Amino acid sequence: MAGAVSGAVRSDLGEVFRRDYPQVVAVAARVLGSRDEAEDVAQEVFMAFGRSTVPAAEAPGWLSVAAVHTALNLIRSGRRRASREETVHRLGDVVTPDVAEAVLTREDRSRVRAALGGLPRKQAVALVLRHSGLSYAEVATALDMSPGSVGTTVRRAESALRKELTRHASSD
Amino acid sequence: MRHPTEGTLRRLLDEPAGVPDPDRAHVAGCPQCLATLAATRRDADLVGAALATEGSPDVDAGWRRLTAALPAAAPAARPERVRPSRSRGFLRRPAAAVLAFGVVLAGAGTAAANDWLQVFRTEEIAPLSLTTNDLVALPDLSAYGDVELTGDPDVHEVPDAATAAEESGLDVPEVATLPRGVTGEPMISVGGQLSATFTYSADRAAQAAAAAGEVLPPPPPGLDGSSVRLVAGPGVAQVWSSESGLPALVVGRAVAPSAYSSGVPFETVRDHLLSLPGLPDDVAAQLRTFTADGSTLPLPVPAELATTSTAEVDGEEATVLTGNDGAMAAVVWVSDGVVTAVAGSLDTDELLSVARDLR
């Protein structure tokens, strides 16, 4: 990972960990749908951060980006925890009050996450970061793109994922 | 004017202030753009809902896990609340208490990564299947008496194996041949002896049981006020890092933990603890099979995390743990009161080869 050096652990690790751990777990959980796996990813990310020289002010963005990439890598490597299904099962079907008549089944959510793993990396990262609350400027900085093109990238990703859902809905 | 792009419409949903005024004015009066905007909003909401997650993680638990996996973590980065002297509330439940002794020992310098914190045990290594739900369902041990961790592990890095041997009094294992992909010099850490004491209180136990609407099984004579003290360490860990910062190979050795009791035999205390209301029957039954004369503690390996098997290392039976995600594996064995572990992101054959060739 960029900025990683071997050797001593940075002295502000505890402070940054307490501040940013929930956000890093939340970012990874959006990709993985599993809290346990998301916490594994967060551990790996903070491990790398602890040995890095990333300036503290840039830590939140760096950590979020690292969390998305690590989580996406986990999906692609196929090395996922055996408990995944159980975890997803515990979450159950979620009725989302914000979306009119949208009842997302467990299968729907699994499908969206599977499709997320198949998107171009830039789209997937931009999408997850945006839905994790990062501003367009922050996403742009993280991905080295212009703020104006973030909207286009996120829109493409959302459109692709929605098509994935609709495709299955119509074939049921 | 031209219609704004879909990207601009998308941003309008999240950050209207980031969209130029002329574009906003156009959209407000353009049925085609308003229709596109509505479709964009539907997709965004749908995807947002599909990716939504609930709850927030336990930051303290996460921090403990991280610091245990970073044997040379800078002392300044370790918050006061995880230091042993403050850890009265740290050991909450019977199984978690067992787990914690593993963590204590790991903190004493035999740490491996992540899921391997709890691999170190004493004269015998016996795997125990516990699911996460069992752990969550167990009662709070502090309701039944006082739990106190004593001693400071003072885990610190040392420059070389000779210093580690001198400080710990242990033979520091030497890896004959590093496995493929593992290079460089290890980071060597040493930790001192740690102990923890649980003092049983019959009054408190009865109160806790009553509060739960249960009847406390009658405590054996002499149990009230008696203590169990578990001691672990010192230990030495050698860690070869990979580029990701995760350990590629960990070789740890420590004086195996032992238990001492005052007043009543350790088995009596253990069996009574196991009979406390709230402990799942099957877990209790498994725990009872351990021949704990102070020389054996169970090894809680959550079934969904790892599978266990056995192999022989230097004439001793070793426990082989393989992470279900395939990312990590470990080999652990005990010889003459000293526990040795070899763990890493390697396959089992490679780890066994390292273990058998230790000098």
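Reader: How many residues apart are A:Phe46 and A:Phe49 in helix H2 of chain A?

Author: This is a predicted model, so to speak: local features need pLDDT of at least 70, side-chain atom pairs count only at pLDDT 80 or more, and totals for chains, interfaces and linings use all residues. Residues are numbered from 1 along each chain as written, chains are lettered from A and ligands numbered from 1 in written order, and side-chain values use heavy atoms, without hydrogens or water. Helices are DSSP runs (H or I, at least four residues), numbered from the N terminus. In H2 (residues 35–50) of chain A, about one helical turn separates A:Phe46 from A:Phe49, as they are apart by three residues.

Reader: OK, and what kind of aromatic pair do A:Phe46 and A:Phe49 form?

Author: Rings of Phe, Tyr and Trp (its six-membered ring) pair if their centres lie within 6.5 Å; planes under 30 degrees apart are stacked, over 60 edge-to-face, the rest tilted. These two sit 6.5 Å centre to centre with 85 degrees between the planes, so the pair is edge-to-face.

Reader: Which residue of helix H3 of chain A pairs with A:Phe49?

Author: A:Phe49 is buried (under 20% relative accessible area; exposed is over 50%, partly exposed in between; 1.4 Å probe, protein chains only), at 0%. The tilted pair has 5.7 Å centre to centre and 50 degrees between the planes. It ties together parts 13 residues apart in sequence, because A:Phe49 lies in H2 and its partner in H3 (residues 59–77). That partner, also buried, at 16%, is A:Trp62.

Terms used
Helices (H or I, at least four residues) and strands (E, at least two) are DSSP runs, numbered from the N terminus.
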